Amino acid sequence: MELDGIYENMTLRNSLPQAGKGLSQQYCNLGQNSNVLANRKPRIIHAALALLVLALAVALSAVTYLYLQVKTADMISDALLWKARFERVNASIAALRGQNEILMQRLSEIYTVYKGSLYYFSCTEKPWVDAELTCVSKGSHLTSVTSVDEQSFLYKKANGFRYWNGLNRREDQKTFHWTDGTLYDEAKTKEFWITGEPNNNNNNEHCVHFSKKELKSWNDLNCESSLKFICKWNCESSGLCNEIFGHKH
Ligand SMILES: [Ca+2]
């Protein structure tokens, strides 16, 4: 009985190492499982990071695309705005050119340069004294006539309308003189008077005007009559020809 008990105990002891071996194997297996898990974690992290980077790249691309879309839209809008402004400026320039041509045409009808003199043909009618004062206010006088060429130019330009010139005898009602200081040459200008003039009708005609579209165009008339008038400047001394017409005469 005692031996049986001993063998039984021996069997039990022999069996212990086996049990220990199984437990150790389980620990080894657990260790292997831990290594697998440890190896998987970096992969998951890498995959997550890769997805994050990919997501950021997609987001950045989307933002860049939207920015470019907005920027392009802004540029197109700006371009259209500037195009509209450019067209308005062009239209304004064209309108100004048209107005300038009209003004220059009108100016050339009112102001005319001939052989070194600038002439102003008024649109309004005034008594002779007021006409002379108007010319003086512009730095000139009513026009004198010093040659056949000048007389021809003026009567043709006057075109048959009545314009005061600067010849008058208001001081003594006998002797003619020019308001711009030019000496009156009666013999030289004799052919400029209309036949029968100056007649000093009613002894009250002391101012002279152009009346006809021909060389013999002068008539003496009551100075209180309201007529158009002609002022004259010297181009060189006044500098106005260059100022008004942009070139020297
Ligand atoms: Ca007369």
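A residue counts as buried if 20 or more other C-beta atoms lie within 10 Å of its own, as exposed if 12 or fewer do, and as partly exposed in between, with C-beta atoms placed from the backbone. The model is predicted: local features require pLDDT of at least 70 and side-chain atom pairs count only at pLDDT 80 or more, whereas totals for chains, interfaces and linings use all residues. Residue numbers start from 1 along each chain as its sequence is written.

The protein contains five helices and eight strands, in the order α-β-β-α-β-α-β-β-β-β-β-α-α from the N terminus. These elements are DSSP runs numbered from the N terminus (helices, H or I, at least four residues; strands, E, at least two). Of its 249 residues, 18% are buried. Among contacts with a separation of 6 or more, 64% come from residues 24 or more positions apart; two residues are in contact if their C-beta atoms, placed from the backbone, lie within 7 Å.

Strand β7 runs antiparallel to β6, and four bridges join the two; strands pair if DSSP finds at least two bridges between them. Within this pair, Leu-221 of β7 stands opposite Cys-207.

The largest nonpolar core has 23 residues, of which Leu-142, Tyr-163, Trp-164 and Phe-229 touch the most other members. Two or more residues of this core come from each of α2 (128-137), α3 (148-158), β4 (163-168), β6 (207-210), β7 (218-221) and β8 (228-234). A nonpolar core is a set of buried Ala, Val, Leu, Ile, Met, Phe, Trp, Tyr and Cys residues joined through C-beta atoms within 7 Å. Apart from neighbours within four places in sequence, Phe-229 is in contact with Ser-122, Lys-126, Ala-131, Leu-142, Tyr-163 and Trp-164.

The buried residues of α3 are Gln-151, Leu-154, Tyr-155 and Ala-158. Seen down the axis of α3, they fall within an arc of 95 degrees and therefore line one face of the helix; the arc is that of the directions from the helix axis to the C-beta atoms. The elements covering these residues of α3 include β4, β6 and β8. Asn-159, with a positive phi near 60 degrees, follows α3.

An unreviewed UniProt entry annotates residues 44-68 as "transmembrane region"; such annotations may be inferred rather than shown by experiment. Over residues 44-68 the chain is 100% helix and 0% strand, with the end C-alpha atoms 36 Å apart.
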